[in-house]
Amino acid sequence: MGKTLLELSSVDKVFSTDTLETRALCDVNFNIEEGEYLAITGASGCGKSTLMSVLGMLDVISKGTYVINGQDVSILSANERARYRNREIGFIFQSFNLISELSVEENIALPLTYRKDLKDTDIKRRVAEALEKVEMSHRAQHFPSQLSGGQQQRVAIARAIAGSPSILLADEPTGNLDSKNASSIMALFDELHSDGVTICMVTHDPASAARACRQIEMLDGKIVRDSLVKNVVNNSVA
Ligand SMILES: Nc1ncnc2c1ncn2[C@@H]1O[C@H](COP(=O)(O)OP(=O)(O)OP(=O)(O)O)[C@@H](O)[C@H]1O
Ligand SMILES: [Mg+2]
């Protein structure tokens, strides 16, 4: 068994408006171990993105506990949470979410500049290494609008991995890409996983889900299936 990275226990997430209360997550219990590669699937509206926002500390839970690397993050202040998120979580979105006014290398460097533990020389090195990993070094000075969708997603992945987070969270990372670009992003995920990166991805695409080692299916805010499809962690037989 690997080291437990994330632990959700009895987690509910309720969205309340004046007229409506939506229980988007309902008694969710699950752990993610170091080196795992998970795919989360389920019908539209079942709570996948809500679960990712909770895992990524972009949103707080309504009930239960959430522990990352032994730290109960449900008790952190908003500032502490932001700092912890920046160090522990790499987030990849369907719509890339790059900052259009910043160059490729500035986009990747930005989250690192908030880290007190990194010097300028560390940041430069990390940006260069991340760009090399995603094969985008030749576009370091470009701006997002000058890149294809597939290239923008590669830059977003570089931004997510440059800080060496505990986990990479990807919500429909290939949802805006054609099939050729989608499969090259999935090949990059395979490579990152074999480098030891822990990945949790939401996908509608059964072929993408099949690449993961563990598959989780959600229905109406609950996990209804959690199965180990390949008994592999970090590409070595567990
Ligand atoms: N900020 C919010 N305020 C109110 N309700 C919300 C909010 N975010 C999500 N919900 C509701 O929570 C439920 C789960 O939404 P969520 O976005 O997690 O679904 P999903 O599984 O990601 O769907 P999709 O596959 O379409 O992306 C839905 O009923 C949605 O309307
Ligand atoms: Mg969603």
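Me: Which residues of helix H2 are called buried in this predicted model, and what does the word require?
Reply: In helix H2, residues 78-88, the buried residues are Arg-81, Tyr-84 and Glu-88. The word requires under 20% relative accessible area, so each of these three residues falls below that cut-off.

Me: Why are the buried residues of H2 said to line one face of the helix?
Reply: Viewed down the axis of H2, the buried residues lie within an arc of 70 degrees, and therefore they line one face.

Me: What makes Ala-78 and Asn-79 exposed, and where on H2 are they?
Reply: Exposed means over 50% relative accessible area. Ala-78 and Asn-79 are exposed residues on the face of H2 turned away from its buried side.

Me: What covers the buried residues of H2?
Reply: The cover includes strands E4 (63-68), E5 (71-72), E6 (89-92) and E7 (167-171). These strands belong to a protein with 7 helices and 12 strands.

Me: How do you know that the radius of gyration agrees with that of a compact globule?
Reply: For 238 residues, a compact globule would have a radius of gyration near 18 Å. The protein has 18 Å, so the two agree. Its C-alpha atoms fill a box of roughly 45 × 40 × 40 Å along the principal axes.

Me: What share of the residues counts as buried, and what share of the contacts joins residues at least 24 apart?
Reply: Of the 238 residues, 47% count as buried. Among contacts between residues at least 6 apart in sequence, 68% join residues at least 24 apart.

Terms used: Residues numbered from 1 in each chain as written. Chains lettered and ligands numbered in written order. Predicted model: local features only at pLDDT ≥ 70, side-chain atom pairs only at ≥ 80, totals over all residues. Heavy atoms only, no water. Buried < 20%, exposed > 50% of the residue type's maximum accessible area, 1.4 Å probe, protein only. Helix = DSSP H or I, 4+ residues; strand = E, 2+ residues; numbered from the N terminus. Arc of directions from axis to C-beta. Contact = heavy atoms within 4.5 Å. Rg over C-alpha atoms; globule rule 2.2 N^0.38 Å.
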